[in-house]
Amino acid sequence: MKYFEDIEIGTRQSFGSYEVTREEVIDFAQKYDPQPFHLDDEAAAKTHFGRLSASGWQTCAMTMRMMVENMHREEQAGLGSPGIDELKWRRPVYPGDTLRCETEVIARRRSRKRPEMGLFRSRIQVFNQHDDVVLEMISNGLIRVRDPSAPIEDAPTG
């Protein structure tokens, strides 16, 4: 089990493989983002996308799926997330693309108000099969502290 004390700034991971299907793109768009370029080939062809593309929100959901699968493989004392920062959709995601993630821990700190938990920030990049970045964001994760009675460092790291 990985706790706050085990998180090190600069740690990198590469994981995931998610194949984007046409059916899933259309299904997601019908439910959550019903714009023509996510639903219809002819309409999409008339846009800068050039063809049917996945919603950016679907790209976020696929990323979350890969992240959770990775968390199951590498058990963490995770406590959820207070959110993300700087979400950017860099390139369209198309049916037939295969996505993967790379993360880097960029900061960590212990909570003074809740000494049983810490927060770490990670830069997340999602790539397609051509190694093009399709999504970037900063993720904020909450994680249990192994020993809440240990002194809290004066200066946050990162």
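In this predicted model, the side chains of Arg12 and Glu104 meet in a salt bridge, with an N to O distance of 3.5 Å. The pair links distant parts of the chain, since Arg12 lies in strand β1 (residues 12–19) and Glu104 in strand β3, 92 residues apart. Arg12 counts as exposed because its relative accessibility is 61%. A search of the whole structure finds 11 salt bridges.

Another of these pairs joins Glu136 to Arg90, whose closest N and O atoms are 2.6 Å apart; here too distant parts of the chain are linked, with Glu136 in strand β5 (residues 133–144) and Arg90 in the loop between β2 (83–89) and β3, 46 residues apart. Glu136 is buried, because its relative accessible area is 18%, whereas Arg90, at 45% relative accessibility, counts as partly exposed.

Glu136 is also among the residues touched by Ile124, together with Thr63, Met67, Glu102 and Leu135, when residues up to four places away in sequence are not counted. Ile124 itself belongs to strand β4 (residues 117–127), and with a relative accessibility of 1% it therefore counts as buried.

Arg110, found in strand β3 (residues 98–110), is buried yet has no salt bridge, the nearest side chain of opposite charge being that of Glu5, 5.5 Å away. Polar atoms of the Arg110 side chain do, however, lie 3.0 Å from the backbone oxygen of Pro115 and 3.3 Å from the backbone oxygen of Ala150. Beyond its neighbours within four places in sequence, Arg110 is in contact with residues including Phe4, Met117, Val145 and Asp147.

Key: Residues numbered from 1 in each chain as written. Predicted model: local features only at pLDDT ≥ 70, side-chain atom pairs only at ≥ 80, totals over all residues. Heavy atoms only, no water. Helix = DSSP H or I, 4+ residues; strand = E, 2+ residues; numbered from the N terminus. Buried < 20%, exposed > 50% of the residue type's maximum accessible area, 1.4 Å probe, protein only. Lys, Arg positive; Asp, Glu negative; His and termini not counted. Salt bridge = Lys/Arg side-chain N within 4 Å of Asp/Glu carboxyl O. Polar contact = N/O pair within 3.5 Å; in protein donor to acceptor, adjacent residues only side chain to side chain. Contact = heavy atoms within 4.5 Å.
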